[in-house]
Amino acid sequence: AGMHWTTANAGADDTIDSDVDPATGRTGAITITGGQTDTSWDGGLVEEPGTVRQWAGSVLGYSSQCTASPGPWSSSQALGAPNVLTYHDDPNSWAPSVGNGTTEWIALGYTTPVVAEGVTIRESNGNGAVTKVELRDHATGTWQTVWSGADPTAPGALADFQVTFGATSYLADGVRITLDMNHSSAWEEIDAVQLRGIRPASVGDRVWQDTDQDGLQDAGEPGVAGVTVRLLDGSGAATG
């Protein structure tokens with residue numbers, strides 16, 4: 001999500017190029033015989049223009065935390081990039097104050113508001129406990145649910161739970177995650193949370209009276225009020 005295939009078959013060295021057709025998402029036909037190993041088939045991905053992937057930079061709130069921040073298992077342990085190296089009960093992750101029987105949540109803030117498209121939750125212990133993901137509308141401060149259901153993440157290894165959804169109609173600057181602490185007998189813990197989206201863009205700029213008819217905005221030429229400007233998409237339909 002948020003990426004597309006790069007140019008295929010670039011250069012002369014077939015062992016280091018990308019072999020995926022960007023239009024189809026497939027390589028060409030591969031012929032291989034028994035006992036043969038062919039490792040020349042690769043795929044290169046390119047980030048969509050304007051894509052922002054950011055780890056949480058602030059704590060907006062939580063239902064509980066195991067110790068006061070910035071102590072072990074506190075809410076602040078969910079900030080920044082992942083730093084839990086193995087799957088286990090690790091003080092570098094956030095854990096609520098109780099291990100079982102409750103519904104808990106943590107809300108995290110992000111520096112750059114984006115048109116959001118996805119959230120990645122690094123689960124480091126008791127995987128599979130996420131029940132709901134919400135985003136905060138940067139303009140209104142309200143929370144919007146973008147996913148709810150059963151978390152399929154299996155226990156036993158560090159895992160990234162990928163939540164993807166259609167691009168939001170608002171700029172998002174926060175993620176709130178709800179956990180079912182009765183999901184397993186282990187402590188359910190979160191190491192880090194990434195928000196993915198597109199940086200907002202703008203077009204413009206001015207309608208003016210070209211008094212000398214030279215096609216240029218010259219000093220002293222006034223703007224023209226009351227002109228309606230509409231932004232259309234590639235098919236000519238209004239965007240808003």
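**View 1. Q213 in the predicted model is an exposed residue.** Its relative accessible area is 72%, so Q213 falls in the exposed class; exposed means over 50% relative accessible area, buried under 20%, and partly exposed in between, with a 1.4 Å probe and protein chains only. Q213 is found in the segment after strand 10 (189-198). Strands (E, at least two residues) and helices (H or I, at least four residues) are DSSP runs, numbered from the N terminus. Phi of Q213 is near 55°, a positive value in a residue other than glycine. This is a predicted model in which residues are numbered from 1 along each chain as its sequence is written, and side-chain values use heavy atoms, with hydrogens and water left out. Local features need pLDDT of at least 70 and side-chain atom pairs count only at pLDDT 80 or more, whereas totals for chains, interfaces and linings use all residues.

**View 2. Backbone geometry at N9 and at the S69-P70 bond.** N9 is not a glycine, yet its phi is positive, at about 60°. N9 sits in the loop between strand 1 (3-5) and strand 2 (45-47). The peptide bond that joins S69 and P70 is cis, with omega about 5°. P70 is placed in the loop between strand 4 (58-62) and strand 5 (103-125).

View 3. The place of S93 is in the loop between strand 4 and strand 5. With neighbours within four places in sequence left aside, S93 is in contact with W73, S74, Q77, V84, S124, E189, I190 and D191; contact means heavy atoms within 4.5 Å.

**View 4. T168 is buried in the loop between strand 8 and strand 9.** The relative accessible area of T168 is 10%, which means that T168 is buried. Strand 8 spans 159-164. A polar atom of the T168 side chain lies 2.7 Å from the backbone oxygen of Y170. Not counting residues up to four places away in sequence, T168 touches V114, V115, A116 and L135.

**View 5. Strand 9 pairs with strand 5 and with strand 6.** Strand 5 and strand 9 pair in the antiparallel sense over 9 bridges; two strands pair if DSSP finds at least two bridges between them. W105 has T178 of strand 9 as its bridge partner. Strand 6 (residues 130-137) also runs antiparallel to strand 9, joined by 7 bridges. Here D137 has A172 of strand 9 as its bridge partner. In a regular strand the side chains alternate between the two faces of the sheet.

**View 6. The aromatic pair of W147 and F161.** A search of the whole structure finds 1 aromatic pair. The ring centres of W147 and F161 are 5.2 Å apart and the planes stand at 80°, so the pair is edge-to-face. Rings of Phe, Tyr and Trp (its six-membered ring) pair if their centres lie within 6.5 Å; planes under 30 degrees apart count as stacked, over 60 as edge-to-face and the rest as tilted. W147 lies in strand 7 (residues 143-148) and F161 in strand 8, so the pair ties together parts that are 14 residues apart in sequence. W147 is buried, with a relative accessible area of 19%. F161 has 7% relative accessibility and therefore also counts as buried.

**View 7. The whole protein chain, for orientation.** The protein chain has 0 helices and 10 strands. Its radius of gyration is 24 Å, well over the 18 Å that the globule rule gives for 240 residues, so the chain is more spread out than a compact globule. The radius is taken over C-alpha atoms, and the globule rule is 2.2 Å times the number of residues to the power 0.38. The C-alpha atoms fill a box of roughly 80 × 60 × 30 Å, taken along the principal axes. Buried residues make up 33% of the 240 residues.

Conventions. A polar contact is a pair of N or O atoms within 3.5 Å; within protein, one must be able to donate a hydrogen and the other to accept it, and residues adjacent in sequence count only if both atoms are side-chain atoms.
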